[in-house]
Amino acid sequence: MKEIYVDHSATTYVREEVLKEMLPYFSEKFGNASSQYSIGRDAKKALDIARHKVADAINSDFDEIYFTSGGSESDNLIIKGISYANKNKGNHIITSKIEHPAVLNTCKALEKQGFKVTYLPVDEHGFVKLEELRNAINESTILISIMAANNEIGTLQNIEEIGKIAKFKDVYFHTDAVQAIGNVIIDVKKMNIDALSMSAHKFYGPKGIGASYIKKGIKFDSIIDGGHQECSKRAGTENVPAIVGMGKAIEIASSEIEDYNKKLINLRDYTIDKVISEIEGIKINGDIKYRLPGNVNLSIEGVESESLLLMLDMKGICASSGSACTSGTLKPSHVLKAIGLKDNEANGTLRISYGYINTIDDAKIIVDVLKEVINKLRNMK
Ligand SMILES: *Cc1c(COP(=O)(O)O)cnc(C)c1O
């Protein structure tokens, strides 16, 4: 049986070109980037090249990129780092109810330390209402953190407008762009983004490596104390092979983004059209137009996600019930609740996220299998 992997929002495999570029940095080019001899200098050079590639992909400057261990650490570094360093200006942070746990739980941790956090509601498509954002800003607001693309329902926020509001009100704007990078074009200058999080394993790079973009001039505190790496903002010997891989992965992603988009949108829209027209009792979650190119999120009447996933797994289809972080628990996802789904709708949700390896034949098989297993599950009741 052929396995069909459609869970690219959870993680992606490492592309062959990326792995190839990384390998020498595990062996002959193993130097520490801080060392003063040639293999150390080679490692430092490799870091610089990767840093340029990451910066180019989002139109930032080279020295505004700090490598971290991934999306979660970047969210922590930016939100905590900026909040701590700007405490004298104010203690209010604005975020949304549909953020990734790396943002939500960071904000909750800050609340325990005396910061005030506004969690903005979203509409039924998952959009933050700009008027509510404007109204939430007060004299003590120091940071707005709103994700660029939602990992469950795929909704793309109007980042450019949020950036304008933040700039007009003189408040820093961070976006968790972990799902967006590699899928949609992000330009930090054009969009007035002050800080951004990304993670390589969401765009065909290795796991455990990511980056924070933090605009020059913004004060932020380090959250890992130690050596002077990453301009003393993130201590720890750099993971050179992973950083090299991330650089290569983002370079490929940027150069192929238009074709990649077209391909994924085709798979996504085919799947949505077919399941809506051929299976009864299906609802699409998220916005139809402004959504991640590979994201399909369905609520299926009369079906429990967990049993559906098991049956899909038996057919070789790897999908998700919503978010990797909420699957395995019986609590309905905070994102699905925030867009107004009832518990039974939220519990019958399936997320398919297409990627580079998928074909239209995969989509056809998925639609056929869905028809069959949904029928079976409904008849078992
Ligand atoms: C995956 C993800 C993260 C976490 O990234 P890690 O590199 O796995 O820590 C954060 N935010 C969003 C939106 C994500 O999809």
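Reader: Is the crossing of H3 and H4 left-handed or right-handed?

Author: This is a predicted model, in which local features need pLDDT of at least 70 and side-chain atom pairs count only at pLDDT 80 or more, while totals for chains, interfaces and linings use all residues. Residues are numbered from 1 along each chain as its sequence is written, and side-chain values use heavy atoms, with hydrogens and water left out. Helices (H or I, at least four residues) and strands (E, at least two) are DSSP runs, numbered from the N terminus. A crossing is left-handed if the near helix is turned anticlockwise from the far one by less than a right angle, and right-handed if clockwise; where H3 passes H4, the crossing is right-handed.

Reader: Is H3 roughly parallel or roughly antiparallel to H4?

Author: Axes are lines fitted to C-alpha atoms, for helices over the stretch in contact, and angles run from 0 to 180 degrees between N-to-C directions. Angles under 35 degrees count as roughly parallel, over 145 as roughly antiparallel, 65 to 115 as roughly perpendicular and the rest as oblique. The axes of H3 (residues 71–85) and H4 (residues 101–112) cross at roughly 30° and come within 9 Å. That angle makes the two helices roughly parallel.

Reader: How many nonpolar residues does the contact of H3 with H4 have?

Author: Contact means heavy atoms within 4.5 Å. On the H3 side are Ser72, Asp75, Asn76, Ile79, Lys80, Ser83 and Tyr84, and they meet Ala102, Val103, Thr106, Cys107 and Leu110 in H4. Ala, Val, Leu, Ile, Met, Phe, Trp, Tyr, Cys and Pro count as nonpolar, Asp, Glu, Lys and Arg as charged, and the others, Gly among them, as polar. By class, the contact has two charged and four polar residues, and the nonpolar ones number six.

Reader: How far apart are the axes of H2 and H7?

Author: H2 (residues 38–58) packs on H7 (residues 240–278) at an angle of about 30°. H2 is therefore roughly parallel to H7, and the crossing is left-handed. The distance between the axes is 8 Å.

Reader: How many nonpolar residues does the contact of H2 with H7 have?

Author: H2 contributes Ala43, Ala46, Leu47, Ala50, Lys53, Val54 and Ala57. Among the residues they meet in H7 are Val240, Ile243, Val244 and Met246. The contact has three charged residues, two polar ones and, as nonpolar ones, eleven.

Reader: Which strands stand at the edges of the seven-strand sheet?

Author: Two strands pair if DSSP finds at least two bridges between them. The open sheet has the order E2-E8-E7-E6-E5-E3-E4, with mixed pairing. One side of each edge strand is left without a neighbour in the sheet, because each has a single partner strand; the two are E2 (65–68) and E4 (116–120).

Reader: Which residue in E5 stands opposite Ile94?

Author: E3 (residues 92–96) and E5 (residues 141–145) pair in the parallel sense. Four bridges join them. Opposite Ile94 stands Ile144.

Reader: Why is E7 largely enclosed by the rest of the structure?

Author: Buried means under 20% relative accessible area, exposed over 50%, partly exposed in between (1.4 Å probe, protein chains only). On one face of E7 are Ala195, Ser197 and Ser199, on the other Leu196 and Met198, and all are buried. E7 (residues 195–199) is largely enclosed because the number of its five residues that are buried is five.

Reader: Which residue in E8 stands opposite Ser199?

Author: E7 has a parallel pairing with E6 (residues 172–176) over three bridges, where Ser197 is the bridge partner of Asp176. With E8 (residues 210–214), E7 runs antiparallel over five bridges. In E8, the residue opposite Ser199 is Gly210.

Reader: Where does Tyr204 lie?

Author: Tyr204 has a positive phi of about 70° although it is not a glycine. Most residues other than glycine have a negative phi. Tyr204 is buried, with a relative accessible area of 6%. It lies in the loop between E7 and E8.

Reader: At what angle to E10 does H7 run?

Author: E9, E10 and E12 form an open, antiparallel sheet of three strands in the order E9-E10-E12. Its edge strands, each pairing on one side only, are E9 (282–284) and E12 (349–353). Five bridges join E10 (residues 295–300) to E12, with Asn297 opposite Arg351. H7 lies across E9, E10 and E12, and its angle to E10 is about 15°.
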